[in-house]
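Visitor: Hi! I'd like to look around inside a protein today. Could you show me one and take my questions?

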Amino acid sequence: MNKPQCPEYRFPLAEPAYTAKRPRDLSPFAATIARLTEARRRELDGWLLESSLPAIGALLDHGALTSVELVTYYVERIARHDVDRLNAVLELNPAALQIAAALDVERMTAGRRGPLHGIPILVKDNIATGDGMRTTAGAYALREWRPARDAFLVARLREAGAIILGKTNLSEWANWMDPCMPNGFSTLGGQTQHPHGPFDPSGSSSGSAVAVSANLAPVSVGSETQGSITWPARDHSLVGLKTSLGLISRSGVVPLVDWMDVPGPFGRSVRDVAILLSALAALGPDGIDSGDPATADAAPLAGRDFTPYLAPDMARRVRVGVIQGDVAAALEAREQELGRPLTGQEARRLRDLVPPAAAAEDIVAALRAQGVPAALIPFEAARLTEPPPFKPMVYYAFRESLGRFMAALGDAAPVASLHDVVAINAADPTNRAPYGYRSVAESAATSMTAEQYAAAVEANRTSARDGLRTIFQQYGVDVLTGYIEQSFAAAGFPALVVPNGLDAEGHPVGLQFVGDFLSEPQLLAAGAAFERARPGRVPPNLD
């Protein structure tokens, strides 16, 4: 099929003229926001802006503030900075204050459950919550779906004492709506904007990343098929973890590609991500969620507390290979592959992935200063074998994965199939699909067979795993950082992004660490060491 010629969007991007954007309802919080004085708000700013989960927990433990006030503080920031501005939060939980009040009482009477007790958390709006909030993937076709029960990961968060504050905006259908739809747009959520400046907000976990970067919540949960956590983390000066396949259950998460999708945490520090991961990966005594067979392979890490891996002595056991970059060669190769010049955003992203030789040497020096055994790897030696064609497989995967997901809901399913979604969009495309819905329609109409799909999955997975493991073994390293493309996604391997300052244009950049299956402990150890050596988080100035 012919690839459409899409415009290079200029951000901040105005929303199209359409009617389906959902208004944000702040009415359940109006009374408590009205009681938040300007003096108290400024005091809370001093305590909470850029604050870590342990620091917030200490304030709650010492009685300096309550979870009710904490929820009020973040909702007031959402009202002031997000509604029809950043557009990171799609829906707020109307019961958040009542949940916070109950957790405040529990803290005083029974003690706290753990580090997430009374902490507000935002989750991407493709993750089901059985609390009356909608779960829509940003799509008009799911606009009124209220799941009957929580996604498995949401239930784990509630057990840990977290408050589900609301749902975040996303690139609609996990960025598989139309090839020309801009990052950060969904029909129900509108256009998410970048808090650092006139930049692309990245996708598909745009809202989850923007919300944490802009201090609208301390942490959030996103999901990734291929790049949907790692790119937003880079682009918003955040720590983001794309987890090993199965480490966090996908039960109750609206799918795109069933064998690649993974949920994962966003935070402003490696420690906050490790704390959130510890709750998300709690899969019960046997380490398996029967609703997600992939969790069986990840059972060795289920229920693990990941924070001890952040200690300096842990990083000294992790061998890191830093791939030297050849920026000019990488840019030229990518343009030849696409048959056109790169857009500004594409070129920026590639430069971020391909640190030049001097920058690679600086990374090695920073890691070695923390005791990490780090070494340079030549750029050409780390080039992976070109994977088999990927895109045709996504068409089939989306149709079949969504069909199975809806079939499991029975009579409660908002749609029966992707064909229903196409018909709903076609009835009023101007308002239900302002940028088009070609990816959805082509997925519904794919002619790929189950046999072809199975062969394509195996070819992609094998190519990605063999390519990465060859580098690990050849250079004797546990973790790679540098130009690795997105092969780890098809492999089911984890990737951790750590902030690394701003580029010359004021755009955040980050360093990506990739490891083998279930190497989260090594990634967190290496990421924490780099964070200690070079604190790279730069908050946006929303005022």
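Predicted model: local features only at pLDDT ≥ 70, side-chain atom pairs only at ≥ 80, totals over all residues.

Visitor: Nice. How many cavities of 30 Å³ or more turn up here?
Guide: Searching the whole structure gives 2 of them. The largest cavity holds about 100 Å³ of space.

Visitor: Which residues are closest to the centre of the largest cavity?
Guide: Those are Asn126, Ala174, Ser223, Val254 and Leu256, out of 16 residues that line the largest cavity. Two elements, α7 (172-175) and β6 (219-224), each give two or more residues to that lining.

Visitor: And what classes of residue make up the lining of the largest cavity?
Guide: There are 8 nonpolar, 5 polar and 3 charged residues.

Visitor: OK, how much space lies in the second largest cavity?
Guide: About 50 Å³. Its lining is made of Arg234, Asp352, Leu353, Pro355, Thr481, Gly482, Gly510, Leu511 and Gln512.

Visitor: Which element gives the most to the lining of the second largest cavity?
Guide: That's β13, with 3 residues. The elements giving two or more residues to this lining are α13 (344-353) and β13 (508-515). By class, the lining of the second largest cavity has 3 nonpolar, 4 polar and 2 charged residues.

Visitor: Tell me about α15, then. At what angle do the axes of α15 and α19 cross?
Guide: At roughly 120°, with the axes of α15 (residues 391-409) and α19 (residues 450-475) coming within 10 Å. The two helices are therefore oblique to each other. The crossing of α15 past α19 is left-handed.

Visitor: Which residues of α15 and α19 meet?
Guide: On the α15 side you'll find Met393, Tyr396 and Ala397, and they meet Ala450, Tyr453, Ala456, Val457 and Asn460 of α19. That contact has 7 nonpolar residues, 1 polar and no charged.

Visitor: One more pair, please. How do α10 and α21 cross?
Guide: The axes of α10 (residues 270-280) and α21 (residues 520-533) cross at roughly 155° and come within 9 Å.

Visitor: So why are α10 and α21 called roughly antiparallel to each other?
Guide: It follows from the angle: over 145 degrees counts as roughly antiparallel, and α10 and α21 cross at roughly 155°, so they are roughly antiparallel to each other.

Visitor: Got it! What touches what between α10 and α21?
Guide: In α10, Val270, Val273, Ala274 and Leu277 meet Glu520, Leu524, Gly527, Ala528 and Glu531 of α21. By class, the residues of the contact of α10 with α21 are 6 nonpolar, 1 polar and 2 charged.

Technical notes
Residues numbered from 1 in each chain as written. Heavy atoms only, no water. 1 Å grid on protein atoms, 1.4 Å probe; cavity = no way out; pocket = protein on both sides within 12 Å on 5 of 7 lines; lining within 4 Å. Points joined across faces, edges and corners; volume = space filled by probe spheres on them. Helix = DSSP H or I, 4+ residues; strand = E, 2+ residues; numbered from the N terminus. Nonpolar A, V, L, I, M, F, W, Y, C, P; charged D, E, K, R; others polar. Axes fitted to C-alpha atoms, helices over the stretch in contact; angles between N-to-C directions. Parallel < 35°, antiparallel > 145°, perpendicular 65-115°, else oblique. Left-handed = near helix turned anticlockwise from the far one by under 90°. Contact = heavy atoms within 4.5 Å.
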